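Dear colleague,

Please find the structure below, together with its sequence. My notes on it follow.

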Amino acid sequence: MNVTRRDLLKMGMGAAVLGMTGLKAQAAFKDIPLCLQMYTVGGPFRENPEKVMAEVAAMGYKGVEYAGYPVKPEELRKLQDKYGLFCTGTHTGRGQIEDLEQLKRTIEIHQILGAKFIICPGMQNDGEKGWTEAAKKFSAASAVAQEAGLWVGYHAHRHDFNKVEGGRSTWEVFADESVPEVVLQNDLGHCVNSGNDPYTLIKKYPNRSKTIHLKESDNKIMGEGKVDWKLAWELCESVGGVVTYTVEYEGGMDRMEAAKKSAEAFYRLHK
């Protein structure tokens, strides 16, 4: 399944995208929308969803990714529409993805939000066998989600780059043993902090980085750490199939300030 022109319009993408179809065209434009993982501003967002949504839009973000809902999805959709934001997707527990009955309700929620990506935020499995079994379950879930026009995927943490028997990392086992439609939401900061190379992994699994987390290494603001942003963006847009970029910050700076500084850094550096 390709992302269509209608999908791009629904997701609020720039005019430069609108004449294109499929994911191969991504290298031709720089209007990939910037989203914010709302976990970044979790406390304030839970306390006052509307105020934070308004501020996030004013920072220059075009979309949001949720990790839990402070109010009902219907209310979040109203706030999205009010402040001109779209929902790229969510971080959703593996049980709501692997259990196909629960997945049906998960899909309904994403349709309310207008979201395309159902991403598991993290999981632990026992060695190569456990990760292979998880990959098969996500492949089955992917088939169901694709029928509804949605994607399922997995978000990387540092432990996902640990090697298991056979020499592959758990990230590679999961990627190799799942169908190509399962999204690999790498987290650039987690990958670099683990001592690994996210750039090679983006190239190794083409068109599977449709959504990716823009996190700097060492809890820093984008551009102040070890991530090679120019190379990362070039690869995401040429072979990764990126549709949206998503900022996540988990360091010690005030989270609203970090979100603002991250947006400013993105628009300064992504040229």
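On one side of helix α4, Lys-78, Asp-81 and Lys-82 are exposed. Please bear in mind that this is a predicted model. The buried residues of α4, which spans residues 73-83, are Pro-73, Leu-76, Leu-79 and Gln-80. These four lie on the same side of α4, because the arc they cover around the axis is only 115°. Their cover includes the helices α2 (42-47), α3 (49-58) and α6 (100-113), as well as the strands β2 (63-66) and β3 (86-91). After α4 comes Gly-84, with a positive phi near 70°.

**Helix α3**

Helix α3 can be described in similar terms. Its buried residues are Pro-49, Val-52, Met-53 and Val-56. They cover an arc of only 100° around the axis and therefore sit on the same side of α3. The elements they pack against are β1, α2, β2, α4 and α12. Gly-60 follows α3 and has a positive phi, near 110°.

**The chain as a whole**

The chain contains 12 helices and 8 strands. Of its 271 residues, 55% are buried. Its accessible surface comes to about 11,400 Å², and carbon and sulfur atoms account for 49% of that area. Among contacts between residues at least 6 apart in sequence, 72% join residues at least 24 apart.

**The sheet**

The 8 strands of an open sheet follow the order β6-β5-β4-β3-β2-β1-β8-β7, and their pairing is parallel. At the edges are β6 (183-185) and β7 (211-214), each of which pairs on one side only. On average, neighbouring strands of this sheet are turned by 30° against each other, direction ignored.

β7 is joined to strand β8 (residues 244-247) in the parallel sense over 4 bridges. Within this pairing, His-213 has Thr-246 of β8 as its bridge partner.

Two helices that contact these strands deserve mention. Helix α7 (residues 127-147) packs on the sheet, where it touches β4 (117-120) and β5 (151-155). The direction of α7 makes about 150° with that of β5. Helix α12 lies across β1 (34-37), β7 and β8, and runs at about 155° to β1.

**The nonpolar cores**

In soluble globular proteins, nonpolar side chains tend to be buried together. Which residues have the most contacts inside the largest nonpolar core here? They are Met-38, Met-53, Tyr-61, Tyr-66, Leu-214 and Tyr-245, in a core of 44 residues. Helix α12 (residues 255-269) contributes the largest share of this core, with 6 residues. A second, separate core has 27 residues, among them Leu-103, Ala-141, Tyr-154 and Tyr-205.

Met-38 links several of the points above. Leaving aside residues up to four places away in sequence, Met-38 touches Phe-45, Val-52, Met-53, Val-56, Val-64, Glu-65 and Tyr-66. Of these, Val-52, Met-53 and Val-56 are among the buried residues of α3.

With kind regards

Conventions:
Residues numbered from 1 in each chain as written. Predicted model: local features only at pLDDT ≥ 70, side-chain atom pairs only at ≥ 80, totals over all residues. Heavy atoms only, no water. Buried < 20%, exposed > 50% of the residue type's maximum accessible area, 1.4 Å probe, protein only. Contact = heavy atoms within 4.5 Å. Areas by Shrake-Rupley, 256 points an atom, 1.4 Å probe, with all protein chains shown as cover. Core = buried A, V, L, I, M, F, W, Y, C linked by side-chain atoms within 4.5 Å. Pairing = 2+ DSSP bridges. Axes fitted to C-alpha atoms, helices over the stretch in contact; angles between N-to-C directions. Arc of directions from axis to C-beta.
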